[in-house]
Amino acid sequence: MTKEQQRGTPKTPPTPEQSSPEVRPSGESSDLAFEGDYRPTSQDGTPQVQVRVEPLQTEFLIRLADALNTTLDLQTLLQRTADLVRAVIDYRIFAILLLNDRTNDLRMRFQIGHTPEAERMRIRMGKGIVGQVAQTREAVLINDVGQSPNYINVNPDVRSELAVPLIVKNRVIGVIDIQSEQLNYFQPEHLHLLRLTASRIGQAIENARLYTRVSRQAQTLQVLNEISRELTSILDLESLFERIGTLLRRIIDYQMFSIWIVDEREHMLENRFAIRFGERFYPGEKLPLDRGLVGAAISERRLIHAPDVRKDPRYHKFNPETRSEMAMPLIYKGKVIGILDIEHTRAHFFNEDHERALTTLAAQIAISIENARLYQRVAQQEQRLESDLAMAREVQLRLLPPFKPKHTRAEFSARFLPARTLGGDLYDFIPYDANRTAIMLGDVSGKAAPAALYAALVSGIMRSEAAAHLSPSEMLKALNDALQERRVDSQYVTMLYSVWNDENQTLQIANAGAVQPIFCREGDVETVRAEGFPLGMFPNVKYEEFTLSTQPGDSLIFFSDGIVDAQNAAGDMFGDERLVTIVKKNQHKSASKIAEIIFNEVGKFQKGIERFDDETVVVLRVL
């Protein structure tokens, strides 16, 4: 290739007589084949030298159609168009500029031979040759750009220029622009050729852009769906904020990102998560709810988009590099709980797709944040509750008798195991005098904390009444009357109350609805048939009282229903028969050994099955 060809020599070099400096608007013909001679004239009407073009339009149109119809990828389409145009116009500087509808300026979407500075330019409508072409919708041929007042001198070596608008459905979408470093380089047939190309490539570009938008929207919806599913599974607030920042970048290539949460007590916005240029950022500043674009998003309860923050009076400078910003309120159940704030250093960076994606995702983010905050509050409350329950359990254990009574003719033992941290069973040994001790076993309705509190109430009343050394029936009546005065709906307590007299080895018993105890003598086991209404259910109740005479070797077993009602994996109950068998088998053992064996056998029967009721055993063995 010669030096002239390297600089862009046309396939049909013009002579000085064939060129003139004026602008030449495109004609109406779109035919590349010219019959006979083509004799353009100058402004004074002087015929110029004959120009004849080879009949290439058929081959060119076929190749053009193939190039446009076989791809929907915009970049590939523009590259193929550039290659085809080069086959008939030997250019060195070529560009396809597309119109940005939001900013109303032209930007290079494809170029050959331009400098990076020129590629980054944004050309307003009506400015420069391409801006003029886009505004007037007329193609132009400039033989000498130095004579054109509209020319923007980006490349001082350029001498001539050819520009044709891309029009689709009566709407300008861009401009094809070719430049040469030679004067009078382009010919009228080049103008016709480029106009013919533009009329076809415009629609192809729109189809490709539509396909790209649809594909991008489909990908965005898929990403949004993935993000929504993933965010709902994160319950740690800090992890959630970090994941939101990571996932959001898959659909919006931001440079700065912040999550602001509304502090309702201080009526301020608190920055809970921020990223600047890929690095975690920890701002200490809080913002009033009415300041900046985030304040506007809160007050208007909608997305606020500032294409250029320098021109928006609402903008509050937080990151000095920011040029464009979007602030999206996070609304949960009609209340703004926070703000998503996204920024970029380039003005007009964010588009309608970004707005739609952020608006769509904001609702799910708000729900995820609120779920995580709720989980966090519940976890904190659970921790406090566990601490409170542990303390309450310690207090409840302190209410149990620390020592077993000591008598010459009887020994005592007791075992207690709550089904939960706190239990509703209670037992007590209350000394009356040197020879008498009251034995109490009760079971409060319900479970856990309510039952434990009611049990503490009953225990306190009983201890206060015990100073009068009441008989079992009198004690139950006094307790029932006191609970009637302090009546709590749906709360009651069953209780066995007895008094052991070590001097004459007798036991007085009264029952307020509790499980009837069993009495063992020389291998014979029978139930003590004592009955009565539970405490706290009915007013003015009287209770029967029984007196048992005992002899050495006898045993009395007091137990709660959690013992006989204990179940195994098959759903079978431990039952009275198993308990009677254990007592018969171990009747000659000590009171503590009998209580221990009963608990061990119940535990083996359950085989690790979770207890559903408190388990209590009190054993009195006559010596």
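Contact here means heavy atoms within 4.5 Å. The model is a predicted one, where local features need pLDDT of at least 70, side-chain atom pairs count only at pLDDT 80 or more, and totals for chains, interfaces and linings use all residues. Residues are numbered from 1 along each chain as its sequence is written, and side-chain values use heavy atoms, with hydrogens and water left out.

Starting with the overall picture, the protein chain carries 14 helices and 23 strands; these are DSSP runs numbered from the N terminus, with helices being H or I of at least four residues and strands E of at least two. Of the 623 residues, 50% are buried, where buried stands for under 20% relative accessible area, exposed for over 50% and partly exposed for what lies in between (1.4 Å probe, protein chains only). As for contacts between residues at least 6 apart in sequence, 64% join residues at least 24 apart.

Now for the sheets. Five strands make an open, antiparallel sheet in the order β14-β23-β22-β19-β20, with two strands counted as paired if DSSP finds at least two bridges between them. Its edges are β14 (410–417) and β20 (524–527), each pairing on one side only. On average, neighbouring strands in this sheet are turned by 15° against each other, direction ignored. Inside the sheet, β22 (residues 555–559) and β23 (residues 615–622) share five bridges in the antiparallel sense, and Phe559 has Val617 of β23 as its bridge partner.

Helix α14 (residues 591–606) lies across β14, β22 and β23, and runs at about 150° to β23; axes are lines fitted to C-alpha atoms, for helices over the stretch in contact, and angles run from 0 to 180 degrees between N-to-C directions. The loop between α13 (575–585) and α14 holds Gln587. This residue counts as buried because its relative accessibility is 10%. Setting aside neighbours within four places in sequence, Gln587 touches Cys520, Arg521, Glu522, Gly523, Gly553, Ser555, Ile594 and Arg621.

Another piece of the model is a helix pair. The axes of α10 (residues 448–466) and α11 (residues 472–485) come within 10 Å and cross at roughly 130°. That angle makes α10 oblique to α11, since angles under 35 degrees count as roughly parallel, over 145 as roughly antiparallel, 65 to 115 as roughly perpendicular and the rest as oblique. On the α10 side, the residues that meet α11 include Tyr454, Leu457, Val458, Ile461 and Met462; their counterparts in α11 include Met475, Ala478, Leu479, Ala482 and Leu483.

The β8–β9 hairpin has two residues between its strands, and Phe277 takes a positive phi near 50°.
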